[in-house]
Amino acid sequence: MNGSPVTMSHIVFIILSAIALVGALGVVLNRNLFRAALFLVLSFVAVAGFYILLEAEFLAMVQILVYVGAISILIIFAIMLSRRMMSSEFKAFNEQWAWALVAALALFAILAFVLLGVVWPTAEASVPENAISDLGQALVSPDQFVLVFEVASVLLLVALVGAVIIARER
Amino acid sequence: MQVPLSWYLIVAAALFCIGLYGALSRRNAIAILMGVELMLNSVNVNLLAFWRHVEVVGGTLSGQVFAIIVITVAAAEAAVGLALIIAVYRNRRTVDVEDVDLMKL
Amino acid sequence: MDFILNFWTELGAWAQGVLYGWGLPEWAVNLISDFVGVLILLIIGVMAVLIFTPMERKVIARMQDRPGPNRVWPYGLLQALADAIKMLTKEDVTPRHADRALHMLGALIVAVPALLVYAVLPWGPNIIGKDLNVGVLFIVAIGSIHVLALLIAGWGANNKFSLLSAFRVVNQLLAYEIPMVLCILTVILFSRTMSTQGIVEAQTVPYFVSMPVAGLIFLICAMAEANRSPVDLLEADSEMVAGYMVEYSGMKFAMFFIAEYVNMFAAAILISTLFLGGWKFFGLEDLAPVLTPFIVFAKAVFVIFCMLWFRATFPRMRFDHLVGFAWKFLVPLSMVNLMLGALVVKLTPDGSGDIWAEAGLMLLGNLIVIAVTAVILNRAARKVKDAPALQRIVAVER
């Protein structure tokens with residue numbers, strides 16, 4: 001590894017990425033949709049682990065709160081409400097799965113080739129002390145991201161009202 | 001000693017390609033949505049890896065803000081997408097995307 | 001004397017000294033001390049089951065003017081041990097067409113979120129599992145994993161009643177999570193830090209005194225999250241035939257049981273940390289730091305007594321009333337409280353002498369909120385009472 005020592009962070013990173021990739025493969029390859037949803041939850045938790053390794057703890061907790069605590073439950077509810085499709089006589093993959101595999105592998109090959117060929121900057125600085133209060137300030141400061149913040153809240157309102165109207169019983 | 005940036009990017013690329021395969025090759029609409037969520041997660045990992053390795057030097061936090069907005073948009077899109085799937089299931093009794101082809105020529 | 005007063009820190013330092021004396025390198029000493037810390041926290045968590053099972057049954061029995069369990073040991077105090085032996089000797093059954101892996105997974109992961117919370121609860125000025133600087137957000141996030149575990153348990157039993165109960169679980173727990181998070185946000189506004197140790201240290205005035213509304217809302221939501229009566233529709237015998245736990249027997253059922261009591265104890269310690277001042281007790285913690293874990297335990301026992309009191313007093317709520325109560329009453333009330341808290345924090349600038357001003361203003365605001373709420377509820381109740389349909393029914397009965 002270019003002479004740098006292998007520390008605990010490297011070992012934890014390898015374990016977490018193994019869990020994340022196994023979870024992702026379980027999502028796309030599993031016929032049983034409920035188990036696929038549970039593998040998705042495993043993947044989300046591994047990604048939250050990545051965020052902790054990257055010293056963004058607030059974002060790790062938000063990832064677990066929003067993805068594992070809300071979106072996964074939404075997905076599982078939708079699976080439960082459309083249960084007929086989970087029995088095994090329905091096919092899980094469509095006719096173009098081979099081309100999809102080729103496309104995904106080709107994309108990964110191109111990305112890996114490019115990523116391994118670039119000399120990346122190394123992280124020598126450390127995260128500022130009050131990262132969380134700085135994040136709060138960044139979200140509401142007029143010269144930083146307040147417009148994005150307000151638009152995101154309007155987006156959530158629209159999504160809330162829209163989802164309720166679309167899924168309502170007539 | 002931090003984990004090098006290229007490792008994070010390669011894992012994120014792998015997650016993205018697995019999610020892409022899931023979104024392209026599955027018949028069930030909910031499985032396609034799960035592939036899309038995987039892709040959004042890989043983008044978030046990318047954003048935060050770049051924030052930690054490149055942007056922290058300057059002291060700003062736009063990587064984290066961007067990641068929070070992506071999580072917000074993913075949540076909104078999952079809610080509306082699942083509402084649509086449930087509405088389609090109620091009308092057509094199927095969530096197989098190959099069967100919802102009334103407007104095809 | 002100093003050794004006795006600072007007993008816990010001295011004990012930790014002595015143990016680490018012994019480990020260093022055996023010639024272990026630093027990473028091994030850290031690993032072993034972390035491992036021992038985790039073991040102690042797990043034992044405390046599970047001891048909660050042993051202590052609070054007989055306490056609950058005896059206290060509720062006394063409130064209902066009957067003796068309660070009194071066979072096992074004098075006063076029935078080892079009842080939990082008898083329950084544990086009973087559950088261990090039962091046959092472990094899995095329904096025939098149920099998904100075996102999911103059935104087992106549900107039972108396995110239901111106790112994990114409850115136990116994870118103990119990592120960030122403070123037992124003293126230096127006695128905490130790990131002082132995360134997003135401590136309370138960690139607790140909220142772990143609580144949302146609990147919902148997922150119950151959903152898996154309800155699905156894995158291949159039983160329509162289990163599934164219906166799982167739907168109700170999600171509905172109730174998500175509805176009561178929102179006022180809980182809003183009350184935590186109000187506390188964070190005042191303490192300006194998300195770490196649990198920081199919140200305890202910021203409470204020169206306990207937050208229950210300055211924001212009683214937030215404290216009560218949080219107590220109700222914590223009881224709903226732990227499935228305690230009067231909001232325990234999910235496991236009520238007359239409603240759902242034990243709900244999502246109906247197909248579990250033996251040790252798997254014991255895991256649900258353990259999870260409920262561990263959750264209850266963690267919620268009680270959390271309430272005492274956030275609202276009652278944690279390990280502080282009018283200066284006793286400066287005189288004798290050895291007493292701080294006992295102070296925390298005493299406050300938690302008090303909170304659990306209040307929860308048992310609620311259970312023995314109120315009848316069970318109907319499910320739509322329950323969810324309506326959360327969405328239509330608790331969420332607006334906690335939002336009003338949050339906005340009031342933001343106003344008070346803005347009005348009193350940062351400074352140590354102004355803590356009393358902040359607390360006093362917030363208490364005043366809370367009393368106004370309570371008065372306005374009482375007036376609104378009174379008007380609404382009067383309108384229901386004077387409704388013409390109800391008057392006709394009352395007149396006929398008379």
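Let me begin with Glu55(A), which counts as partly exposed because it has 17 C-beta neighbours inside 10 Å. To count as buried, a residue would need 20 or more such neighbours, and to count as exposed, 12 or fewer. Before going further, please note that this is a predicted model.

Where does Glu55(A) lie? It is in the loop between H2 and H3 of chain A. The backbone there is worth a look: Glu55(A) is not a glycine, and its phi is positive, near 60°. As background, most residues other than glycine have a negative phi.

The axes of H2(A) and H3(A) come within 9 Å and cross at roughly 175°. Angles over 145 degrees count as roughly antiparallel, so H2(A) is roughly antiparallel to H3(A). Which residues make the contact? From H2(A) they include Leu33(A), Phe34(A), Phe44(A), Tyr51(A) and Ile52(A). From H3(A) they include Glu57(A), Leu59(A), Gln63(A), Tyr67(A) and Ile79(A). By type, the residues of this contact between H2(A) and H3(A) divide into 19 nonpolar, 2 polar and 1 charged.

Next, chain B. How many helices and strands does it have? There are 3 helices and 0 strands, and along the sequence the pattern reads α-α-α. The radius of gyration of chain B is 18 Å, well over the 13 Å that the globule rule gives for 105 residues, so chain B is more spread out than a compact globule. Along the principal axes, its C-alpha atoms fill a box of roughly 55 × 25 × 25 Å.

What share of the 105 residues of chain B counts as buried? The figure is 55%. As for contacts within chain B, take those with a separation of 6 or more: residues 24 or more positions apart account for 48% of them.

Chain B also meets chain A. Here 64 residues of chain B are in contact with 76 residues of chain A. Helix H1 (5-25), helix H2 (29-55) and helix H3 (62-92) of chain B each supply at least two residues of the side that touches chain A. Which helix gives the most to that side? It is H3(B), with 20 residues. The residues on the chain B side divide into 46 nonpolar, 12 polar and 6 charged.

I will finish with a second residue of positive phi. Arg93(B) is in the segment after H3 of chain B. Its phi is about 55°, although Arg93(B) is not a glycine. Is Arg93(B) buried or exposed? It counts as exposed, because it has 11 C-beta neighbours inside 10 Å, and the limit for exposed is 12 or fewer.

That is the tour. I am happy to go back to any part of it.

Terms used: Residues are numbered from 1 along each chain as its sequence is written. Chains are lettered from A and ligands numbered from 1 in the order in which they are written. This is a predicted model: local features need pLDDT of at least 70, side-chain atom pairs count only at pLDDT 80 or more; totals for chains, interfaces and linings use all residues. Two residues are in contact if their C-beta atoms, placed from the backbone, lie within 7 Å. Helices (H or I, at least four residues) and strands (E, at least two) are DSSP runs, numbered from the N terminus. Ala, Val, Leu, Ile, Met, Phe, Trp, Tyr, Cys and Pro count as nonpolar, Asp, Glu, Lys and Arg as charged, and the others, Gly among them, as polar. Axes are lines fitted to C-alpha atoms, for helices over the stretch in contact, and angles run from 0 to 180 degrees between N-to-C directions. Angles under 35 degrees count as roughly parallel, over 145 as roughly antiparallel, 65 to 115 as roughly perpendicular and the rest as oblique. The radius of gyration is taken over C-alpha atoms; the globule rule is 2.2 Å times the number of residues to the power 0.38.
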